[in-house]
Amino acid sequence: RCFDRDSGQNNASKQAADPVDHYICPYIALPNSWDAYLQTLSSNTRQKIRRFLRKVEGSARYRITSVEKNSLESHIVILLDLWQSRWLEKKGTGAANMLDAVRRLLRHSFEQNCLALPVLWQDDRPIGAIAHLLDWRKRQLLFYMTARDSDIKQPPPGLILQAYSIRQAIQQGFKTYDFLRGNEPYKYSLGAQDRQIQHLVVRRRAWPERYCQIDRKTLADAFKRAVRQHRQQQLAEAAVAYRQILAVEPLHADALYCLSMLKQQQGENQGAIALLQRFLKAYPHSLRGWLSIGNLYQQQQNFAAAVDAFQQSLALQPDSAIAYNNLGYTRQQQGQWEAAIACYRQALALDPDCAAADVSLANALHAQQKLPPARVISYAVANYELGNRYQAAGDLGTAVTYYQQAVTMNPDLLAAQAKLAQIQQCTS
């Protein structure tokens, strides 16, 4: 059998409900002057900012007011009223408690001289507000919350208030304009660059696995960790990691597939088959899924099911040398030698470099005493080398088959005999 080359695809990011990654914190490294900052932007964004700021600051209809002691409460009310008009229904029943906490935070920040809360007006109508927290020690302006009148499209309140705040920050000597969490596209139009949040989750070792649910947004990192543990033969740890991923995303393609391969390594072939059946129900067009389940059926001597699986593989990819080779081996196990040899030859016609098909063809010809004697010794070595590959991959059953064939062809091949003795000792 050839090794499966289908890499699959992680679907976690495609199925995530929220497109915004809250583990990214965009920020702007502020230069020493407003003009220098504008030069970092695209010409289109630069022109819009200049035009809209001129319109607001040069017209009697528009004005921007800064927060002061006598306007603090009215500015907070304007900000939260505008926010509620757009978001209250979407945020649900917890929004009221959240807004109370925001009010307390804004009031406390103002008392500590750590709040900027400009409001944009059109005549006597507030059309936008933005709140920033000021870190005077680090010279950072931290964007906290914004809201606008959704009926006002031009001039755009959000862009005007962000640009106004960035200009104010530069004039006051701030070095960073921090957007905090969320990689919304508009932040990058203002010159932001990414900063990733580093976080650590600590749980009790003795807690039941069902309580250790991971965050959906960390699925990609969790899967990488699981694969690393799998490759390092930390099978128990990898199995837990795969199951935690599947608890969050039951049809995570790579976790399903890899857990099935891990089960196979542990000799739990029925568990591996059950996982692959679940995988194929969700992903019926996966070549690697049909090849893998066919190999498992073959090991259980369920040859009819194995043949069907490999034929499904060929229906998906008619030029698959792997599928032809594995189908040939199944036919050989059924005693259908001519059909097996035809499959091996077809595999080699599709992929002349498929070592497994080349060796399988030689083994079939040797069993029928049709392999030239001069080639027997070299194919004994080829069987031994394939055995090493499968042993390294954790497939000891297939490795033993190749080592036994190597010894059959050349009883003096001591390396193959040693491998067989080593595997027998480890599995006894």
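Predicted model: local features only at pLDDT ≥ 70, side-chain atom pairs only at ≥ 80, totals over all residues.
Residues are numbered from 1 along each chain as its sequence is written, and side-chain values use heavy atoms, with hydrogens and water left out.

Let's start with H17, residues 373–392, and H18, residues 396–409. Helices here are DSSP runs (H or I, at least four residues), numbered from the N terminus. The axes, lines fitted to C-alpha atoms over the stretch in contact, sit 8 Å apart at an angle of about 165°, on a scale from 0 to 180 degrees between N-to-C directions. That makes H17 roughly antiparallel to H18 (over 145 degrees).

Who touches whom? Contact means heavy atoms within 4.5 Å, and the residues involved include Val-376 and Tyr-379 in H17, and Leu-396 and Tyr-402 in H18.

Next pair: H13, residues 303–316, and H14, residues 321–333, whose axes come within 9 Å and cross at roughly 160°. H13 and H14 are therefore roughly antiparallel too. Among the residues making this contact are Phe-303 and Phe-310 of H13, with Tyr-324 and Arg-331 of H14.

Now, cysteines. How many disulfides are there? Zero, taking a disulfide as a pair of cysteine sulfur atoms within 2.5 Å. For Cys-114, the nearest cysteine sulfur is that of Cys-25, 19 Å away. Cys-343, at 10%, counts as buried (under 20%).

Methods. Buried < 20%, exposed > 50% of the residue type's maximum accessible area, 1.4 Å probe, protein only. Helix = DSSP H or I, 4+ residues; strand = E, 2+ residues; numbered from the N terminus. Parallel < 35°, antiparallel > 145°, perpendicular 65-115°, else oblique.
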